[in-house]
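Let's take a walk through this protein together. Keep the sequence and the 3D view open as you read.

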Amino acid sequence: MPTIISVNASAIYISIIALLALFLAYRVVQFRLGKGVDIGDDGSAEFQTAIRVHANLVEWAPITLLLLLVSELLGANNYFLHVAGIAFVVARIAHAYGMTIAVGGGNKGRFYGTLVSWIVLIVLAVSNVLMVAGVF
């Protein structure tokens, strides 16, 4: 019988980000239905922003969540996993909200959402390498 490995922490944050991605995709669909546009953005700044907010999450979430899962599989501390997961979720919500209210422009939500997302990705990547190397 195979050994079952617990990935509870990763499962929580992967699921939360999946729901966020679905919500952001729904916003794009609402624009499409409201404007009758199947492809493209009809030149609307709000529509372009909704598309980019969703796309940005889809661009950054997979690698970060994969790093979180690998970290958990490598035996990272549960506290570390939850801090990384919570920070990433909050950062992605801040980024999406900030980008939406600024209609694609810059603001603190977008800036700090990006910054924290990148920090989480870097910390997970480096810690995984250090765990594999036996440093942790």
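Read along the sequence, the protein chain goes α-α-α-α. That is four helices and zero strands, where helices are DSSP runs of H or I with at least four residues, strands are runs of E with at least two, and numbering starts at the N terminus. The C-alpha atoms fill a box of roughly 55 × 40 × 20 Å along the principal axes.

A quick word on the source: this is a predicted model, with local features needing pLDDT of at least 70 and side-chain atom pairs pLDDT 80 or more, while totals for chains, interfaces and linings use all residues. Residues are numbered from 1 along each chain as its sequence is written, and side-chain values use heavy atoms, leaving out hydrogens and water.

Now find helix H1 (residues 8–35) and helix H2 (residues 45–73): their axes come within 10 Å and cross at roughly 165 degrees. (Axes are lines fitted to C-alpha atoms over the stretch in contact, and angles run from 0 to 180 degrees between N-to-C directions.) So H1 is roughly antiparallel to H2, a label for angles over 145 degrees. The residues of their contact divide into 19 nonpolar, three polar and five charged. Here Ala, Val, Leu, Ile, Met, Phe, Trp, Tyr, Cys and Pro count as nonpolar, Asp, Glu, Lys and Arg as charged, and the others, Gly among them, as polar.

Finally, look at Ile 63, which lies in helix H2.

Note on methods. Angles under 35 degrees count as roughly parallel, over 145 as roughly antiparallel, 65 to 115 as roughly perpendicular and the rest as oblique.
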